[in-house]
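Open the structure in your viewer and keep the sequence panel at hand. We will go from stop to stop, selecting a few residues at a time.

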Amino acid sequence: MNVLFVLTSHDKLGNTGKQTGFWIEEFAAPYYTLLDKGVNITVATPKGGKAPIDPSSDTEDAQTEDTKRFKQDEAAQRVINNTKKLSEVSAADFDAVFYPGGHGPLWDLAGDETSIKLIETFNEQEKPVAFVCHAPAALKGVKGTDGQPLVKGRQVTGFTNSEEEAVQLTEVVPFLVEDMLKENGGIYSKAADWNVHVLQDGNLITGQNPASSHEVAEKLYAALR
């Protein structure tokens, strides 16, 4: 099994002067969940090269067993430091695609034409497409085979408005994931803030927040079996 992971290349948190990027747990938990099951993983970003880590995901209170493992894993670090360029990967070479979150995708992947086309191609090929936390932002401009937004009429979740408020970035982000999914016609649902909530509707898998990362990967793996 070959799974493509798509990470953000964007590292600036709006006009705050702070850094952003991808959220370590949302990469590490699915990465090891799938790697330990023998899945081959390729990581790509819009710009290629080193994917930026969100410093907020690297604090002591954000650590999990998977993030600690990542810290000690030189092979995984090399993968993150040498990602492929998104324009140079083909959906035909993979069985599924997974997008980890972090705030970065709100700025680059949400409007990235290469990413949009890639997701649409995976969907046309009826392969699993999975997203967690802020990563459903990448679905903003994605159309289904009927020309309607891919999420329209489908069960979806993603980082909630109240979770965004809790991290005090409501006024910083270019849009709110929850609002966008609803505006695109998604049947949005959520659990209490920071609780695990994962939905699967056909080949579309979405998770609410960092805590949902592992279960998203489990559902993705089950969909590949």
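A salt bridge here is a side-chain nitrogen of Lys or Arg within 4 Å of a carboxyl oxygen of Asp or Glu. By that rule, six salt bridges are counted. Please keep in mind that this is a predicted model.

**Stop 1: Asp36 and Arg69**

Select Asp36 and Arg69 and show their side chains. The two form a salt bridge, with 2.9 Å between the closest N and O atoms. Asp36 sits in the loop between α1 (24–35) and β2 (40–45), while Arg69 belongs to helix α2 (residues 65–72), so this pair ties together parts that are 33 residues apart in sequence. Asp36 is exposed, at 53% relative accessibility, and Arg69 is partly exposed, at 34%.

**Stop 2**

Next, select Glu178 and Lys190. Their closest N and O atoms are 3.4 Å apart, and the pair forms a salt bridge. Lys190 lies in the loop between β7 (187–188) and β8 (198–201) and Glu178 in helix α7 (residues 177–183), so the contact ties together parts that are twelve residues apart in sequence.

**Stop 3: Lys12 and Asp11**

For another salt bridge, select Lys12 and Asp11, where the closest N and O atoms are 3.6 Å apart. Asp11 is partly exposed, with 28% relative accessibility.

**Stop 4: the largest pocket**

Which residues are closest to the centre of the largest pocket? Select Trp23, Ser56, His103, Val167 and Trp194 to see them; 23 residues line this pocket. Its volume is about 460 Å³. The lining is made up of eleven nonpolar, seven polar and five charged residues.

**Stop 5: strand β9**

Finally, select residues 204–207, which make up strand β9. Leu204 and Thr206 point one way and Ile205 and Gly207 the other way, and all are buried. Now bring in strand β5 (residues 129–132), which pairs with β9 in the parallel sense over four bridges; one of the residues to look for is Val129, whose bridge partner in β9 is Leu204. Then show β8, which runs antiparallel to β9 and is joined to β9 by four bridges. Here Gln200 has Ile205 as its bridge partner in β9. β8 and β9 form a hairpin with two residues between them, and Gly202 in the turn has a positive phi of about 65 degrees.

How values were computed:
Residues are numbered from 1 along each chain as its sequence is written. This is a predicted model: local features need pLDDT of at least 70, side-chain atom pairs count only at pLDDT 80 or more; totals for chains, interfaces and linings use all residues. Side-chain values use heavy atoms; hydrogens and water are left out. Buried means under 20% relative accessible area, exposed over 50%, partly exposed in between (1.4 Å probe, protein chains only). On a 1 Å grid over the protein atoms alone, a cavity is a set of points where a 1.4 Å probe fits but cannot get out, and a pocket is an open set with protein on both sides within 12 Å along at least five of seven lines; lining residues have an atom within 4 Å of a point. Grid points are joined across faces, edges and corners, and a volume is the space filled by probe spheres set on the points. Ala, Val, Leu, Ile, Met, Phe, Trp, Tyr, Cys and Pro count as nonpolar, Asp, Glu, Lys and Arg as charged, and the others, Gly among them, as polar. Two strands pair if DSSP finds at least two bridges between them.
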